[in-house]
Structures are given as structure tokens and as C-alpha cells.
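Here are a few notes to get you started with this one. Have the model open while you read, and go through the points in order.

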Amino acid sequence: MSKRISGIAASDGIGIAKAYRLVNPDLSFDKKSITDVNAEIQRLGQAMSDSKADLQVIRDKAAETLGESEAEVFDAHMAILADPEMISQIDELIKSQKINAEEALTEITDQFITIFEGMTDNKYMQERAADVKDVTKRVLSHLLGKLLPNPALINEPVIVIAHDLTPSDTAQMDTNYVQGFLTDLGGRTSHSAIMSRTLEIPAVVGSEQATQAVKNGDSVVLNGLDGFAVVSPSANEVKQFQEQAVQYAAEKSEWRKLRDAESISKDGKHFEVAANIGTPDDIKAVTDAGAEAVGLFRTEFLYMNSDKLPSEDEQFNAYKQVAEAMKGKPVVIRTMDIGGDKHLSYLPLPEEMNPFLGYRAIRISLDRQAIFRTQLRALIRASKYGEIRIMFPMIATLVEFRAAKKVFTEEKNKLAAEGVPFADDIKLGMMVEIPASAVFADQFAKEVDFFSIGTNDLIQYTFAADRGNEHVSYLYQPYNPALLRLIKNVVTAAHREGKIAAMCGEMAGDKIAVPLLMGMGLDEYSMSATSILRVRSQMKKIDTTDWTKVVDEAINTCQTHEEVKELVEKHLQPSQTIE
Ligand code: PEP
Ligand code: MG
């Protein structure tokens with residue numbers, strides 16, 4: 001019997017493959033007495049050498065995808081497995097107490113973990129505690145015959161089933177084999193969803209039941225366009241999905257013809273369709289898709305993919321590389337947005353009750369100015385190599401924007417005094433992610449060069465609904481008239497001062513939202529590279545004068561998110577509907 005699992009459509013496309021569970025097994029066990037001590041010690045030795053073999057494969061894969069320095073953590077894990085002191089203590093315990101290897105292993109490694117964790121003045125040794133825990137888990141899994149998932153070992157087409165996905169999970173996989181992601185947690189703007197769009201892998205997130213309902217090897221079909229999956233599908237269902245996959249591929253190849261076209265509405269208005277990136281490695285997909293700009297470079301990924309604060313030169317090289325690759329097209333680089341759900345192991349932040357409302361982004365930058373100044377210097381220096389624009393995240397007040405601008409000006413003056421060349425007129429903008437700044441846009445517009453509306457956060461703060469929490473995902477309401485009013489206020493305020501209004505939240509690539517945003521006159525739409533051609537194709541079919549009227553109706557007559565959605569669907573002629 002086939003079983004349908006519904007979730008949130010997070011990344012377009014159709015996937016058909018066997019399930020691969022990226023889920024940790026239950027490793028609980030009972031303490032037992034044993035009689036054959038030598039056999040037990042041998043069983044432990046075998047589990048250790050199997051673990052070492054796993055780690056070698058994972059290490060090689062990590063070196064290939066993440067680089068040598070990231071792979072070193074697995075060397076540390078292998079070194080633990082070879083530690084003669086620890087091994088002899090475990091063997092001794094098996095001999096003296098006649099207990100099973102699982103028990104002896106955990107008793108001894110627990111002692112090591114307690115000692116390491118107690119070294120509060122030695123951060124390096126404290127981190128080794130986590131390594132010992134990891135290694136213990138791996139050896140236990142071999143002893144119990146319940147293998148840990150090893151995404152690095154995926155070597156056939158699979159749909160990955162997970163509770164949630166982290167960047168390090170995906171970094172270990174050969175994503176060429178991954179046909180889809182199906183997760184329990186997450187919303188459309190959670191980072192797992194954004195990551196699957198960047199990787200162009202169909203995804204359904206926030207299903208709440210994927211890891212309960214799907215077993216390893218089950219056959220699964222997944223529809224990332226409409227947000228559902230079917231487990232053990234019938235032959236008929238597989239056929240339907242195959243047809244949809246063919247149709248989707250045909251649409252994609254139609255869109256590809258627009259790679260070098262401009263983004264123009266039916267009535268001849270020019271817009272800019274831009275891309276969001278996280279690292280310079282993403283830039284190829286951006287130029288392949290014919291983006292007119294990079295509308296958001298989330299620089300925190302440079303910090304997250306490193307084990308220390310990236311130096312001025314490392315950052316300079318990354319920014320320069322992107323500026324050069326875009327060949328004079330605008331590149332909007334956002335200063336670091338750490339905090340909220342993005343953490344740095346080497347920059348411990350205070351524990352917070354509400355991290356999304358806490359110490360985050362520009363709040364950290366203005367407080368820890370050395371980090372901010374290093375980043376600004378790298379950005380200013382890189383401005384010589386293209387059209388770099390700088391954007392500050394999470395601006396809530398004019399005072400914050402002015403303070404950030406002041407630090408920027410100070411660093412610019414210092415570099416000028418040092419004789420370092422940079423572009424004359426670097427534009428400074430801000431993200432509009434906080435309702436206060438959207439409401440006060442008329443005043444901000446006098447001082448900024450551009451706005452970029454970050455709807456992922458603006459929606460979470462407007463409706464007070466955590467963007468990663470599937471229980472409140474119904475409040476992710478990009479078409480709600482209350483939100484549309486805020487957005488229109490920002491666009492109008494920008495234009496009154498002759499400034500650019502952009503959007504870089506996921507809403508900018510949403511097929512229902514795009515015609516409304518065009519009707520409001522939003523200038524730039526920045527999105528995952530994979531959405532660019534679809535949006536450009538949709539724009540060609542939109543008459544902005546008609547849609548200005550639809551916007552009026554949506555904002556002044558409609559009362560709910562659903563009513564606006566229906567209104568837009570009614571106005572999208574069949575020929576304009578993008579499925
Ligand atoms: C946003 O909030 O819409 C945004 C683009 O920033 P991020 O998703 O990185 O928070
Ligand atoms: Mg944001």
C-alpha cells in the first residue's frame with residue numbers, strides 16, 4: 001500500500017529513488033556478564049577496525065568536498081581509535097569484570113569525556129570530549145550491528161530521509177546521487193530548504209513524520225513542487241511522477257533559452273533578476289543562469305566554513321573573486337549575519353532564550369568592531385574589482401545604520417591614507433527584515449542607497465512565528481495583506497527618494513508574489529540561482545499596469561492570505577501560470 005506524506009514544498013523538482021535514512025539508530029544496550037573474555041576483546045577489536053575503515057572513507061570524502069583542514073577532525077577520530085592507553089583500559093575492564101564490550105567501552109570513554117570536559121581553561125581539550133563521544137558512538141554501532149548512516153558512502157540514487165539536514169551532512173554526500181530530501185523539520189526558509197534549492201535537489205521539509213514513516217530501502221517518489229512524497233508508490237503513481245518529471249525537465253529547458261535575455265515585463269518595464277549566494281563556489285550556477293546581479297552574498301558562510309575568523313586577505317580574495325566573475329554587474333555583499341540559527345564554534349555567543357530576537361548580525365558587528373572592521377576593509381579593497389555594494393543586516397533603527405556607516409567611513413579613510421585603491425562611490429544599503437524599519441522606510445530612504453527586503457525574517461518578525469518551526473509554518477504568509485502593505489511602504493519610500501528597492505528573501509522567487517511585487521514596482525528580485533529563469537519567464541507574461549490594480553485590491557479589499565492567493569490565481573491567465 002502506498003502512503004502519502006505531506007510537507008512543505010522547499011525545492012522544485014521530482015525525485016524517484018530508494019530511501020536512504022540519515023537518522024541515528026538507537027544505541028542503547030544492557031550491561032551483560034560474559035564468559036569468553038578473549039572472544040569479547042576480539043569483538044571489540046573488530047568493531048574498532050570497522051570504525052577506522054568508515055572514518056578513512058569519510059575523511060577522504062570530506063577532504064575532497066570540504067578541503068584538507070575540515071577533514072582533519074576525522075584524523076583526530078582515528079587517532080582516538082589507535083590510543084593504546086584507552087584500548088588497554090577497556091580490554092582490562094572486560095578481563096577483570098567479565099562484562100560485555102559495549103559496557104566496558106562506555107565506562108572507559110565516559111571517564112575520558114568527564115576529564116576532558118572538566119578542563120574548563122583548555123578549550124582544545126574540551127573539544128576532544130566531543131570527538132571521544134563521536135568515536136564511541138561509531139564503535140558502539142558496530143558492536144550492536146546498528147550502523148550509523150554514512151552519507152559519504154552513498155553511491156547510488158537515493159532520496160535522503162532525515163530529521164533535519166545540516167551543511168555538514170550535505171557536504172559529506174555526493175549530491176549527484178541525491179534525488180531528493182524529505183525531512184521532519186524545517187520551513188520554506190529554513191537553511192536546509194535554502195541549501196536544497198542551491199544544490200538544485202527537490203525537497204519536501206517539515207513533514208513531521210518522514211523518519212517515522214519511511215524505512216531504509218523503501219521506494220519513494222517526491223514532489224518538491226507541491227510538497228509531498230509517496231512511499232511504496234503503485235506502478236501507476238510511479239508512472240505519473242515520471243511523466244511530471246519529464247514535463248518539468250521540458251519546462252526547464254524552455255527557460256534555459258532566456259539565459260541571455262533581459263528581464264522585461266509584457267508592457268516593456270525592466271527589472272533585475274539576481275541571485276543569492278553563500279560562497280564564491282556558488283557563482284558558477286549564477287552566471288550559468290544569466291543573473292543580472294548578485295543581490296545577496298550571505299558572507300556568514302565564509303565564517304561558518306572556517307575554524308577561525310577569516311582574515312582580511314581571505315575575505316578580500318573571496319569578494320574579489322565574486323566581483324570579477326560578475327564582470328561589472330552589481331554584487332551586493334551583506335556583512336556577517338551570525339546569531340539566530342547560525343553559529344560559529346570559535347566565537348561562543350551567550351546562551352539566549354530567544355536567539356532570533358537576540359545578539360545577532362549588525363548587533364554583533366557594532367559591538368565587536370574588530371571583526372566588523374576587518375570585513376569592511378576587505379570589502380572596500382575588493383570594490384576595485386567590480387561593482388561591489390555593501391549591505392547591513394537586521395537594521396532596526398536609524399542610529400544603527402548611522403553607526404555602521406560611520407565605521408565604514410572610518411575604515412575607508414584609513415585605507416585612503418594608506419594609499420590603498422578602492423572604488424569611488426561604494427553604495428551602502430540595508431536589509432529590511434524588521435517591521436520597525438519597514439514602517440519607518442521613508443526616513444531610512446533619505447540615508448541609504450538601497451533597500452533589500454529580507455522577507456524570510458520580515459515575515460517571521462511580522463507574524464511572530466519562528467521561520468524554522470513547522471508547528472507555526474502556517475504563519476509564513478507572504479501574501480497576507482498586512483505584509484504586502486509593509487512591502488509596498490518600503491518600495492514607495494525608496495522611489496520617493498530615487499533609491500532602489502530590492503528583495504532577497506525567498507518571496508522574491510515566489511510565483512504568486514512576483515506579479516504583485518512587479519505591480520508595486522519592486523526593482524530587483526534576488527533568489528536561489530535555480531529560480532532565476534523561471535521568474536524571468538514569468539515576468540515576460542505580466543502587464544504591470546494591470547497588476548498595479550490587483551495590488552490595490554489585494555491590499556485594500558482582501559482580508560486574508562488565502563483571499564490574496566485566490567485573487568492572484570484568478571488574474572494569472574492559464575498562459576501565465578507557471579506550474
Ligand atoms: C531574509 O531574512 O529574508 C534573508 C534574505 O536573510 P537570511 O535568510 O539569510 O536570514
Ligand atoms: Mg534575514
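Predicted model: local features only at pLDDT ≥ 70, side-chain atom pairs only at ≥ 80, totals over all residues.

1. The magnesium ion (ligand 2) has Glu433 (OE) and Asp457 (OD) as its protein donors, and they lie 2.0 Å from it.

2. Next, have a look at Arg360. You'll find Arg360 in the loop between strand 12 (330–334) and helix 13 (362–367). Its side chain makes a polar contact of 2.9 Å with the side chain of Asp457, which is one of the magnesium donors. Leaving out residues up to four places away in sequence, Arg360 touches Glu433 and Asp457, along with Asp337, Ile338, Gly339, Gly340, Met394, Gln460 and Tyr461. Arg360 counts as buried because its relative accessibility is 2%, where the cut-off for buried is under 20%.

3. What is the order of its strands? This open sheet of 8 strands runs 1-8-7-3-4-5-6-2, and the pairing is mixed. Strand 1 (3–6) and strand 2 (8–11) are the edge strands, each pairing on one side only. On average, neighbouring strands are turned by 30 degrees against each other, direction ignored.

4. Strand 2 and strand 6 (residues 203–205) run antiparallel and are joined by 3 bridges. Within this pairing, Ala9 stands opposite Val204 in strand 6.

5. Which helices go with the sheet? Helix 7 (residues 191–198) lies across strand 2, strand 5 (178–183) and strand 6, at about 45 degrees to strand 2. Helix 9 (residues 235–256) packs on the sheet too, touching strand 3 (14–22), strand 7 (219–223) and strand 8 (228–231). The direction of helix 9 makes about 115 degrees with that of strand 3.

6. Last stop: Leu225, in the loop between strand 7 and strand 8. Leu225 and Ile8 are 217 residues apart in sequence, yet 9.2 Å apart in space, C-alpha to C-alpha. Not counting residues up to four places away in sequence, Leu225 touches Ala9, Asp12, Gly13, Ile14 and Tyr248. Why is Leu225 counted as partly exposed? Its relative accessibility is 23%, which falls between the 20% and 50% cut-offs.

Methods
Residues numbered from 1 in each chain as written. Chains lettered and ligands numbered in written order. Heavy atoms only, no water. Donors = N, O, S within 2.8 Å, 3.2 Å for Na, K, Ca; no water. Pairing = 2+ DSSP bridges. Helix = DSSP H or I, 4+ residues; strand = E, 2+ residues; numbered from the N terminus. Axes fitted to C-alpha atoms, helices over the stretch in contact; angles between N-to-C directions. Contact = heavy atoms within 4.5 Å. Buried < 20%, exposed > 50% of the residue type's maximum accessible area, 1.4 Å probe, protein only. Polar contact = N/O pair within 3.5 Å; in protein donor to acceptor, adjacent residues only side chain to side chain.
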